[in-house]
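Below are some notes on the model for your file.

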2 protein chains.
Amino acid sequence: MRKALAIDVGGTKIYNTIVNEKGEIIGDIEKHHTPKTFYEIKLLFQGIIKKYEDEVDIIAISTCGAVNNSNDGILGSTGNIAKGYPDMDFKSLSRKPVFVENDANAAAWAEHIIGASKGMPDSVMITLGTGVGGGIIINNRLFKGKNGAAGEMHFKMRMDKHRKCTCGSWDCFEIYASGTGLKLTAEEISKNPEITTYNVIDGWKNNDVLMTQIFNKWQDDILAGLIGLANLFDPDAIVLSGSMAEFVDTDYLTKSVNEEIVTTPTMVVKAQAGNYSGMIGAALLAFGIGVYGEADG
Amino acid sequence: MRKALAIDVGGTKIYNTIVNEKGEIIGDIEKHHTPKTFYEIKLLFQGIIKKYEDEVDIIAISTCGAVNNSNDGILGSTGNIAKGYPDMDFKSLSRKPVFVENDANAAAWAEHIIGASKGMPDSVMITLGTGVGGGIIINNRLFKGKNGAAGEMHFKMRMDKHRKCTCGSWDCFEIYASGTGLKLTAEEISKNPEITTYNVIDGWKNNDVLMTQIFNKWQDDILAGLIGLANLFDPDAIVLSGSMAEFVDTDYLTKSVNEEIVTTPTMVVKAQAGNYSGMIGAALLAFGIGVYGEADG
């Protein structure tokens, strides 16, 4: 069975491990702080790859940033990582094949092949973390759009320029549905600029009235976005992943989405492919598992 | 060359004509008022079909309402048409094959094969009329979702329950971007409940300051929606069709969308397949033109 060296590249951490064709993690999870410069990131990649290159068939990289349709480079800029990073020549990093995919797209693929949306041709996956990521599966294929950047969860929730989004535009789903969004909602409702997402989650767990009000507003903002996605994509399921997803009530979201949409009933479910779904999905995509139907049936 | 009897079914009018495999209209355009009851609609269909059945190869119906993935029935309810209409057994209407598709999906296909998005693998088409319709082309295929209902332009523009949408939910794109939306925006800004979309368009054409302000607000609401669609779909183009599309400034929309999106540059263009693009697209889909690649190259 083939093996991939899988690397997950985020703005603060870089992970690596070994993944097999079943999507199983068969190596240690190694964790690194994301270096501050392009050169140091490249050195870290070279070190990881040198260590494992001989024992794997392919290098599978799950990264922040939109990835092109030839899966070898990043499109545009990527926010919280060294400025030159998007210019990385990934293919030059190894004599083995190198495959790159956006982290949310990779995670969506992991859910599709071994996780919460397994067996479903059409699904939308959303990662709710510090930010929001999106990956869309259409007719059992990862949906990339004309250049590979599709699935960005930057659609507007308001038209009055209320919150500036990390993308530079205003009032995107991301700046309401993310952990950052929860903090901003908490600040607005509590009038306390020091309040943290931890305060909200802890208070909500202990039935604090104000914290529950804040939590519910955040969850209903997520709901508003899911209704639009269900109407646009008529998906089998919407999968919620990421550190903030564990708190949401998927029964409530499923019921509420289905009450409002004009398309056919869907379900909102939590991700099942685990914390390293980006690395798993990147490896499965790199192997071509499911991409050409190998995983069907 | 094969010929289709094409029928377009809307809430107020039903049209029929003959369309060939090139997407050319080769018959007269016949226009009927949409009858008020299921039985009368069925009688009208039977009359049209009886008249042309012998000279065509297939019956292609472009209809209001979401159409299932077997293209023979309507999903759910359809708004402004006789209540029983969605239960129509289309296949029983003729001894020739009967093919049914949603009107906006059919129009999107016409644009993809012979119109504004010809040669583009990925596009989003929006009809701006009394309501708003949507049709999405992904990787040269009509995107239908799990049951056929995908592409509904009901995503939220606000979260404060400001305008009730025709779908029963609140603040969907449709209730801002449609002609109905323009009238509501005009009422809000002018404080005049008698104002019509005609007043706005006429005043805007004559550089009236208030009417121009109203028009620009309406166009910027459309822009807000297009930004979200461009970020979700990374399309080659967004095609605007329908009676209200002739007024919008696609250069302004293209420039503004591209300034705000995190995906790659797209373009906003006007439809080119004409007023009967629904019938043309339904016929082309019924023939399978483009569906299996026949129209490629």
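1. Domain bounds here come from an automatic or database domain assignment. The model itself is predicted. On that basis chain A has two domains: domain 1 covers 3–108 + 275–287, and domain 2 covers 121–270. Taken over C-alpha atoms, the centres of domain 1 of chain A and domain 2 of chain A are 26 Å apart.

2. The contact between these two domains involves 12 residues of domain 1 of chain A and 15 residues of domain 2 of chain A. On the domain 1 side, two or more residues each come from β5 (66–67) and α2 (103–114) of chain A. The most is given by α2(A), with 5 residues. That side of domain 1 of chain A consists of 6 nonpolar, 5 polar and 1 charged residues.

3. Between the chains, 35 residues of chain A and 35 residues of chain B take part in the contact. Helix α6 (residues 209–233) of chain A supplies 7 residues, the largest share of the chain A side. By class, the side of chain A that touches chain B has 17 nonpolar, 9 polar and 9 charged residues.

4. Which members of the largest nonpolar core touch the most other members? They are A:Ala4, A:Ala283, B:Ala4 and B:Ala283, in a core of 196 residues. In soluble globular proteins, nonpolar side chains tend to be buried together.

5. For B:Ala283, the contacts beyond its neighbours within four places in sequence are B:Ala4, B:Ala6, B:Val19 and B:Ala60. One of these, B:Ala4, is itself among the core members that touch the most others.

Conventions:
Residues are numbered from 1 along each chain as its sequence is written. Chains are lettered from A and ligands numbered from 1 in the order in which they are written. This is a predicted model: local features need pLDDT of at least 70, side-chain atom pairs count only at pLDDT 80 or more; totals for chains, interfaces and linings use all residues. A nonpolar core is a set of buried Ala, Val, Leu, Ile, Met, Phe, Trp, Tyr and Cys residues joined through C-beta atoms within 7 Å. A residue is buried if 20 or more other C-beta atoms lie within 10 Å of its own, exposed if 12 or fewer, and partly exposed in between; C-beta atoms are placed from the backbone. Two residues are in contact if their C-beta atoms, placed from the backbone, lie within 7 Å. Helices (H or I, at least four residues) and strands (E, at least two) are DSSP runs, numbered from the N terminus. Ala, Val, Leu, Ile, Met, Phe, Trp, Tyr, Cys and Pro count as nonpolar, Asp, Glu, Lys and Arg as charged, and the others, Gly among them, as polar.
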